[in-house]
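Subject: Structure handover

Hello,

Below is the structure I said I would pass on.

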Amino acid sequence: MKISSSLFFLYLFLTTTSFGQSFNKAKMDSLMSILSEKDKAMGSLAISKNGTVIYSNAIGYASINGENKILATTETKYRIGSITKMFTAVIIFQLIEENKLTLDITLDKYFPTIPNASKINIGQLLSHRSGIHNFTDDSLFLTYNQTAKTQKEMIDIITAFPPDFEPNTEAAYSNTNFVLLGYIAEKITKKTYNELVKNRIASKLNLSKTYVGGKTNTGNNECFSYSFINGWKQEPETDMSIPAAAGSILSTPVELNRFIEALFAGKLLSPESLEKMKTIKVGFGMGMFEIPFYNKKAYGHNGGIDGFGSNLSYFPKDSVSFAYCTNGQVYPMNDILIAALSIYFNRTYTLPSFNSVVLNSNDLDKYLGTYSSNDIPLKLTITKDNATLLAQATGQSSFPLEASDKDIFKFDRAGVVIEFNPSKNELTLKQGAGTYLFTKEK
């Protein structure tokens, strides 16, 4: 969730791979150390093989309050965002197996005020085919996301949105689907979502560090999330009553791996139910994604909420699970996952160097100004905060730029490279396959 539903999926469409019997642990340690030393990430990585933890490491801090800092450890708990949806899907399928629910039951049985409720069924909610608008995409979301909401208040918010499309005609990721699934599970069982997670999953698997979160408590090994501008800055906290069954769980990478291993081992659901979760249609399973890595295939989910990011992947043919949780992202999480998977599966991989150029505040003055382009209908405003250059596109938040060479700056998290030409009052922005020329306005 950002509650990221625009969550990027770990779709690594590459070609071939090889697998060795052991992996280069020292190289994995080096990757984590470089990320930490260069302030490129904070977080924790765990890898399990055949149910046994073979790698677990944590970098960065759980809390930063001036000079008072709490180091992250492998016991630190992170908000896992939309990985929560896998837990919710498991609970729904458990209720189906108990004959308390079916995939065909329509939403109007529980929430008749929601548009198209009589045409939307449980299966469509699970597979993001309901057409119900994703409430976290609404412009007002950030005006209330830090304030607790009751179920009725959330239903009122959801009901107010017109449908994005007719049920089952398209697929579009929507946190709203899983918030509703959680409410339905609560209505059926007369239990809170936290109780359902605890009784139906966590207690069964001895997941003592996995539960629905509340306000962050560092005394309980919970961590805050951060963005990086002239140092790590704490992000605001979404109240967990809002993401609910779509994104409210806290956990650790080790326990996430234990969860997904148990799911694939048949300890939580029947093979038939798991197969329905795994069946992909237009990019979505039922609470699960397919995650390719070269010629290998994993299943799992990713997540994002506030400054947190997470990914959980299980490779059935290799009996290997990967979980990564981060509370501070500069270097893209996707690139870190590619690196970790490449190292584990013994692919050729060169560790990043993160070379940078040190500039002072005065050095940045020649870049400042507002730039416009004939290529795209956005303006780019360049400002500074002490010795950090900042860029802000029209209607978007500002982001920090890191000097990597003469007149060249980058924003790793979004894959943005900006090259200035001060003598011509121009800059070139590169992102992905796109290259855009901007000219400074007078």
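This is a predicted model, and the chain averages a pLDDT of 93, with 95% of the residues at 70 or above. The stretch to treat separately is residues 2-21, where the pLDDT is below 50. In the model that stretch still has 73 contacts beyond near neighbours in sequence.

Barrel

Eight strands close into a barrel, in the order 14-15-16-17-18-19-20-21. Their pairing is antiparallel, and from one strand to the next the twist averages 30°.

I looked at the end of that order in some detail. Strand 19 covers residues 416-421 and strand 20 covers residues 426-431; the two pair in the antiparallel sense over six bridges. Within this pair, I418 stands opposite L429 of strand 20. The two strands form a hairpin with four residues between them. In that turn, N425 has a positive phi of about 55°.

Strand 20 also pairs with strand 21 (residues 434-440), again antiparallel and over six bridges. Two of the positions can be given: K430 stands opposite T435 in strand 21, and E426 has T439 of strand 21 as its bridge partner. This hairpin has two residues between the strands, and G432 takes a positive phi near 60°.

Which residues does F411 touch, leaving out those up to four places away in sequence? They are F399, P400, L401 and V416. F411 itself lies in strand 18, which spans residues 408-411. F411 has a relative accessibility of 18%, so it counts as buried, the cut-off being under 20%. F399 is twelve residues away from F411 along the chain, and the C-alpha atoms of the two are separated by 7.5 Å.

D407 is not a glycine, yet its phi is positive, near 65°. Its relative accessibility is 11%, and D407 therefore counts as buried.

Is strand 13 (residues 320-329) buried or exposed? Ten of its ten residues are buried, so the strand is largely enclosed by the rest of the structure.

Strand 13 pairs with strand 1 (residues 41-49), to which it runs antiparallel, and nine bridges join the two. Strand 12 and strand 13 form a hairpin with four residues between them, and S319 in the turn has a positive phi of about 55°.

Helix packing

Two packed helices are described by the angle between their axes and the distance between the axes. For helix 2 (residues 84-97) and helix 7 (residues 193-205), the axes come within 10 Å and cross at roughly 85°. Angles of 65 to 115 degrees count as roughly perpendicular, so helix 2 is roughly perpendicular to helix 7.

On the helix 2 side, the contact is made by T84, F87, T88, V90, I91, Q94 and L95. Helix 7 contributes Y193, L196, V197, R200, I201 and K204. Sorted by class, the contact has eight nonpolar, three polar and two charged residues.

One further residue belongs with this part of the chain. N99 is found in the loop between helix 2 and helix 3 (122-126). N99 has a positive phi of about 60° although it is not a glycine. Its relative accessible area is 71%, so N99 is exposed, the cut-off being over 50%.

To recap the backbone points for your own checks: positive phi values occur at residues including N99, S319, D407, N425 and G432. Of these, D407 is buried, whereas N99 is exposed.

Regards

Methods. Residues are numbered from 1 along each chain as its sequence is written. This is a predicted model: local features need pLDDT of at least 70, side-chain atom pairs count only at pLDDT 80 or more; totals for chains, interfaces and linings use all residues. Side-chain values use heavy atoms; hydrogens and water are left out. pLDDT is the predictor's confidence in each residue, from 0 to 100. Contact means heavy atoms within 4.5 Å. Axes are lines fitted to C-alpha atoms, for helices over the stretch in contact, and angles run from 0 to 180 degrees between N-to-C directions. Angles under 35 degrees count as roughly parallel, over 145 as roughly antiparallel, 65 to 115 as roughly perpendicular and the rest as oblique. Ala, Val, Leu, Ile, Met, Phe, Trp, Tyr, Cys and Pro count as nonpolar, Asp, Glu, Lys and Arg as charged, and the others, Gly among them, as polar. Two strands pair if DSSP finds at least two bridges between them. Buried means under 20% relative accessible area, exposed over 50%, partly exposed in between (1.4 Å probe, protein chains only).
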